[in-house]
Amino acid sequence: MDERTGVFRVYRVVNAVPHINLFDTAATRLYTVYQSGYGERQPAVDDLRTGDLVEATLGGDPDDSDEAWSLLSFERRDRVAMDFAVDTDVPAVAADLWEPGLERPASTVLEEDGEPVAECFVQPRAPLPGGTFVPSVLTGLVPMESLLTELPGIGEPPTDAIFIDPDAPDADSYSYPYGVAVLFTAAADELLTEFRERYDLAADVDNRPEYDPYGL
């Protein structure tokens, strides 16, 4: 068994898939890790959420792509609280930001009392697996580690993120060719509350949509 030690971003899948995805922030590699079977350490594993940043050691066989790795040890260093709203309307700022034919994410800074506190991104579906947005976020397939480290338009790290998909994760077709990510800094207050209330997102509640992202 080989071991990998480093700093990883947690991408929880859903209850339908008994694994956790861990993104190696230095090697930019995604590891699939068992979610259960940790004995007395199981409650700590169960407490992990998408957006957590952990220092961890993984054990596994790099030559066996069908076998998941295991969490040998880990310590949570930080957390970007992530919320998900699907099959809903997109905020006007995102609709205004989108331009037909856009091939790369575009963003704009959002202010509160004249101060920059958040950044809104539109993510084209075209480069994502199957065109799905939220499933790609949840499984770690949207490259965003640089955004979770520092928002480019503000120069500060985000503390909260809301991912908005105007269509359901298992939709056969899409009403919008993009998904929306709104990332908030620690300075955000009323703006974050407004977004949470608009999309009915209670704080500290796991609101991942229930589906099998690998069965789509």
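This is a predicted model: local features need pLDDT of at least 70, side-chain atom pairs count only at pLDDT 80 or more; totals for chains, interfaces and linings use all residues.
Residues are numbered from 1 along each chain as its sequence is written, and side-chain values use heavy atoms, with hydrogens and water left out. Local features need pLDDT of at least 70 and side-chain atom pairs count only at pLDDT 80 or more, whereas totals for chains, interfaces and linings use all residues.

Helices (H or I, at least four residues) and strands (E, at least two) are DSSP runs, numbered from the N terminus. Two strands are said to pair if DSSP finds at least two bridges between them. A residue is buried under 20% relative accessible area, exposed over 50% and partly exposed in between (1.4 Å probe, protein chains only).

Strand E2 (residues 19-24) is largely enclosed by the rest of the structure, because five of its six residues are buried. Strand E1 (residues 2-12) pairs with E2 in the antiparallel sense over five bridges, and Arg 12 has Ile 20 in E2 as its bridge partner. Six residues separate E1 from E2 in a hairpin. E2 also pairs with strand E3 (residues 29-34), antiparallel over six bridges, with Leu 22 opposite Tyr 31 in E3. The hairpin of E2 and E3 has four residues between the strands, and Thr 28 in the turn has a positive phi of about 50 degrees.

Strand E8 (residues 115-124) is mostly covered, with eight of its 10 residues buried. Seven antiparallel bridges join E8 to strand E7 (residues 106-112), and Ser 107 has Phe 121 in E8 as its bridge partner. E7 and E8 form a hairpin with two residues between them, where Asp 113 in the turn has a positive phi of about 55 degrees. E8 is also joined by seven bridges to strand E10 (residues 178-184), and the two run antiparallel; here Pro 124 stands opposite Tyr 178 in E10.

Pockets were identified on a 1 Å grid over the protein atoms alone: a pocket is an open set of points where a 1.4 Å probe fits, with protein on both sides within 12 Å along at least five of seven lines, and lining residues have an atom within 4 Å of a point. The largest pocket holds about 290 Å³ of space; a volume is the space filled by probe spheres set on the points, which are joined across faces, edges and corners. Domain 1 (2-79) and domain 2 (83-199) both give residues to its lining, so the largest pocket lies between them; the domain bounds come from an automatic or database domain assignment. Of its 16 lining residues, Arg 49, Ala 81, Met 82, Asp 204 and Val 205 lie nearest the centre.

The second largest pocket holds about 240 Å³ of space. It is lined by 15 residues, of which Pro 105, Gln 123, Val 142, Pro 143 and Leu 147 lie nearest its centre. E8, helix H4 (145-149) and E10 each give two or more residues to this lining.

Rings of Phe, Tyr and Trp (its six-membered ring) pair if their centres lie within 6.5 Å; planes under 30 degrees apart count as stacked, over 60 as edge-to-face and the rest as tilted. The structure holds eight aromatic pairs. Trp 98 and Tyr 178 are stacked, 4.7 Å centre to centre with 20 degrees between the planes. Both Trp 98 and Tyr 178 are buried. The ring centres of Phe 184 and Phe 195 lie 5.6 Å apart with the planes at 70 degrees, so this pair is edge-to-face. Phe 8, Tyr 31 and Trp 69 are linked into a cluster by ring pairs.
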